[in-house]
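Subject: Handing over a structure, with notes on what was found

Dear colleague,

I am passing the structure below on to you, and my notes follow it. Please read them with the sequence and the model open side by side.

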Amino acid sequence: MKTSACFAFGLFLFSHSAGAQSPVQEVIDNALIQQTNTNTQSIMSMLQQQLDEAQKQSQSLTDQLTRMGDPATVSLPLLDLIKQDITKSAQAAANGVAREDRIRATTGAEAFGDNAYGLVAAVNPTVTFKDGETADRDPSLYKIHGALSGDLEALAQKSREADERITALEEQRPALFDQLNSASDLASILKLQTAISTTDALIASAKADVAKSKLDYDVLMEKLKLQSQVEAKAKGEERDLERKHTADKAKSSSGSGSGSSSSSGSTTSPFSNLGWGKK
């Protein structure tokens, strides 16, 4: 009887252990579940941090792009003026290259008709005599003066154009600084700074262009002055050489004449054999 009861109790324990989880396994499973939940929360937290950082970077980039602005939308009226001025500067440089050709082509007629802004009387290309008849002047006598007059007129024209360029550029400077002061995006600031720097450079270039033309005129004046001195010295030398040549020629002619007389004076008289007049 006791043996049967023990067998039944063992069978009960076996069946119960086979159908239910052991306490050790349950602890292990709970630990795994808790670890999984912790890992999931950690991953979600990390993903949230990355998302927040990405949003911050996106907002920062948006702010930077806003501050930079779109360079294509920045349109400054001065840029067209600067472009036109650069074109004029290139044309002025081309005119400077042609200066030597203009001087070489001087005829002298350039000195006629200019009254120096009405301060002096103009020299006309013709001369009127008292009887009313006229005669043409010889322009070649005025070539030096014509070259200087032409160069001065070109210098005066360049000076007037430079004044107009400088005035137009100077008028834009206050507005540029006002725009620069109120600019909030980098594209506008950079373009405005570039425009201001370019404006200053063009103003300096216009002034330097006039100064260079004045220097060219001074060089021409000095060259003509030096050449005039060379010409005067050459003419003086020519006069000296002419006098020496004439004197040498006259001396040579005189020497030839005296040698001829002395030869004829020593000729024997046809009556030398006669004894008349001899003692």
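To begin inside the protein, D151 touches R99, R102, I103, D216, Y217 and L220, leaving aside residues up to four places away in sequence, where contact means heavy atoms within 4.5 Å. D151 has its place in helix α5, and with a relative accessible area of 4% D151 is buried; buried means under 20% relative accessible area, exposed over 50%, and partly exposed in between, with a 1.4 Å probe and protein chains only.

Before going further, please keep in mind that this is a predicted model, in which local features need pLDDT of at least 70 and side-chain atom pairs count only at pLDDT 80 or more, while totals for chains, interfaces and linings use all residues. Residues are numbered from 1 along each chain as its sequence is written, and side-chain values use heavy atoms, with hydrogens and water left out.

Overall fold

The secondary structure comes to six helices and two strands, and from the N terminus on the elements run α-α-α-α-β-β-α-α. Helices (H or I, at least four residues) and strands (E, at least two) are DSSP runs, numbered from the N terminus. Of the 279 residues in the protein, 15% are buried, and among the contacts with a separation of 6 or more, 74% are between residues 24 or more positions apart. The accessible surface of the protein comes to about 21,400 Å², and 59% of that surface belongs to carbon and sulfur atoms; accessible areas come from the Shrake-Rupley method with a 1.4 Å probe, and for residues only the protein chains shown count as cover.

Nonpolar cores and a surface patch

In soluble globular proteins, nonpolar side chains tend to be buried together. Which residues make up the largest nonpolar core here? There are twelve of them, namely I82, A162, I166, L169, L176, L192, A195, I196, L202, I203, A206 and V210, a nonpolar core being a set of buried Ala, Val, Leu, Ile, Met, Phe, Trp, Tyr and Cys residues joined through side-chain atoms within 4.5 Å. The elements that give two or more residues to this core are α5 (143–182) and α6 (186–265), and α6 gives the most, with seven residues. V210, one of the core residues, touches L155, K158, S159 and A162, again not counting residues up to four places away in sequence. A second, separate core of five residues includes L155, Y217, L220 and L224, and both Y217 and L220 are also among the residues that D151 touches.

M44 lies in helix α2 (residues 23–68), and at 52% relative accessibility M44 counts as exposed.

An aromatic pair

Rings of Phe, Tyr and Trp (its six-membered ring) pair if their centres lie within 6.5 Å, and planes under 30 degrees apart count as stacked, over 60 as edge-to-face and the rest as tilted. By this rule the count comes to one aromatic pair. The centres of the F112 and Y142 rings are 5.1 Å apart and their planes are at 70°, so the pair is edge-to-face. Because F112 lies in the loop between α4 (99–104) and β1 (126–128) and Y142 in the loop between β2 (134–136) and α5, the pair ties together parts that are 30 residues apart in sequence. F112 counts as buried at 13% relative accessibility, whereas Y142 counts as partly exposed at 24%.

Salt bridges

How many salt bridges does a search of the whole structure find? The search finds 13, a salt bridge being a side-chain nitrogen of Lys or Arg within 4 Å of a carboxyl oxygen of Asp or Glu. One of them joins the side chains of R160 and E153 (3.5 Å, N to O); R160 is partly exposed at 36% relative accessibility, and E153 is partly exposed at 44%. In helix α6, D248 and K244 lie four residues apart, about one turn of the helix, and their side chains meet in a salt bridge (3.2 Å, N to O). D248 is partly exposed, with a relative accessible area of 41%, while K244 is exposed, with 52%. Salt bridges that share partners also join R99, R102 and D151 into one network.

With best wishes
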